[in-house]
Amino acid sequence: MVPAKNNLKFDIFRHWSEKMEKRGNTRMLLVICVCVAAFSCVSASPEVCNNSLLPGAKGDQGEVGEEGGQGTLGKNGRPGPPGVPGEKGLRGEVGHTGKMGHIGDKGDGGDTGVDGPSGLKGKPGTTCDCGRYRKVVGQLDSNTERLRKAVQFLKNVILGLKETEDRYYLLVKEPKTFREASMNCKLRGGSLAMPKTTSTNRLMADYVSRAGLTRVYIGVRAQRKDTGQTSNYVYADSSPLQGFAPWSQDIELNSTLSSATNSSCMELLSTGTWGRVECEATMFFICEFPKSRRRGGRTG
């Protein structure tokens, strides 16, 4: 819609134009038209003028601002992939020599070797009249038998020795500690008795009983370990018990001994059982001696 003010202007313009046309003044009419158009543009509403304005040209770029302060530290990123393995280092120096280990068990016997070559044939013997020597040989045999019985009497009655097929046993009636008893047997050429079979153990127990004693030292004691707190019992020659151990009722088979006790030595009772005893206790003991061998034979 055209405002009322503009309608008035058009009415005035129309009135003057009709009047000028009647007078025939065309030039004057043209001037009036130009004035009215100019006046209409100037007196137009602000809304219409604002809509007709166009944006200006883009301005020049501003100056670069100052550098800002350092920001806060961000979070740690994810770990990267594993790196390439490094080169192998140099070989280290040889370490100190360790402690000597325990003596191992006795190994199995080796195979029988190949028979050696036969010896050279001996020279032929000379003819001998043996008749006159038979009496001498018979007399020697008789003397040897009497000597053997005398030695047997000496061993069994005077010295009180007991024997098996391969060993002699001597009961020493001198109170000693375990260490002193072991040394005494070595000085005699033997060692503390080591009953390794039931028959030998029974023989020694009867030996003790007939002597009127109740207990003696035997060659069995605890062998302490460097790395553990317990000890295993072994014979005086460091051989294992091999399952034979007639413990008394308060000792279990294959028993181990705590390092907190000093009862690491063994005694043989007259009943044939073994019992623990402190090594510093003094008592009688039994020594054993191997029988000598002569050309594969046995001397008794």
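## Disulfide C265–C279

The S-S bond of C265 and C279 has a torsion of about 100°, so this disulfide is right-handed. Its sulfur atoms are 1.9 Å apart; a disulfide here is a pair of cysteine sulfur atoms within 2.5 Å. C265 belongs to strand β7 and C279 to the loop between β8 and β9, so the bond ties together parts 14 residues apart in sequence. Helices (H or I, at least four residues) and strands (E, at least two) are DSSP runs, numbered from the N terminus. Both C265 and C279 are buried, where buried means under 20% relative accessible area, exposed means over 50%, and partly exposed lies in between (1.4 Å probe, protein chains only).

The model is predicted: local features need pLDDT of at least 70, side-chain atom pairs count only at pLDDT 80 or more, and totals for chains, interfaces and linings use all residues. Residues are numbered from 1 along each chain as its sequence is written, and side-chain values use heavy atoms, with hydrogens and water left out.

## Disulfide C185–C287

Two disulfides are found in a search of the whole structure. C185 and C287 form a disulfide with their sulfur atoms 1.9 Å apart. The torsion about its S-S bond is about -80°, so the C185–C287 disulfide is left-handed. This pair links distant parts of the chain, with C185 in helix α5 and C287 in strand β9 (residues 283-290), 102 residues apart. C185 and C287 are both buried. With bonded cysteines counted along the chain, the disulfide pattern is 1-4, 2-3.

Strand β7 spans residues 265-269, and four of its five residues are buried. It pairs with strand β8 (residues 274-277) in the antiparallel sense over four bridges; two strands count as paired if DSSP finds at least two bridges between them. C265 has V277 of β8 as its bridge partner. Four residues separate the two strands of this hairpin, and G272 in the turn has a positive phi of about 95°.

## Aromatic pairs and charges over rings

Three aromatic pairs are found in a search of the whole structure. Rings of Phe, Tyr and Trp (its six-membered ring) pair if their centres lie within 6.5 Å; planes under 30 degrees apart count as stacked, over 60 as edge-to-face and the rest as tilted. The F178 and Y217 rings have centres 5.5 Å apart and planes at 80°, so this pair is edge-to-face. It links distant parts of the chain: F178 is in helix α5 (residues 178-187) and Y217 in strand β4 (residues 215-224), 39 residues apart. F178 is buried at a relative accessible area of 6%, and Y217 is buried at 0%. Elsewhere, ring pairs link Y233, W247 and W274 into a cluster.

The charged end of K162 sits over the ring of Y207, 5.8 Å from the ring centre. K196 lies over the face of Y235, at 5.1 Å from the ring centre. A charge sits over a ring if NZ of Lys or CZ of Arg is within 6 Å of the ring centre and within 35 degrees of the ring normal.

## Helix α6

Helix α6 (residues 198-210) has 13 residues and reaches 18 Å from its first C-alpha to its last, close to the expected 18 Å; the expected span is 1.5 Å times one less than the number of residues. Its buried residues are T200, N201, M204, A205, Y207 and V208. Seen down the axis of α6, these buried residues fall within an arc of 155°, so they line one face of the helix. The arc is that of the directions from the helix axis to the C-beta atoms.

On the other side of α6, T198, S199 and R210 are exposed. G212 follows α6 and has a positive phi, near 75°.
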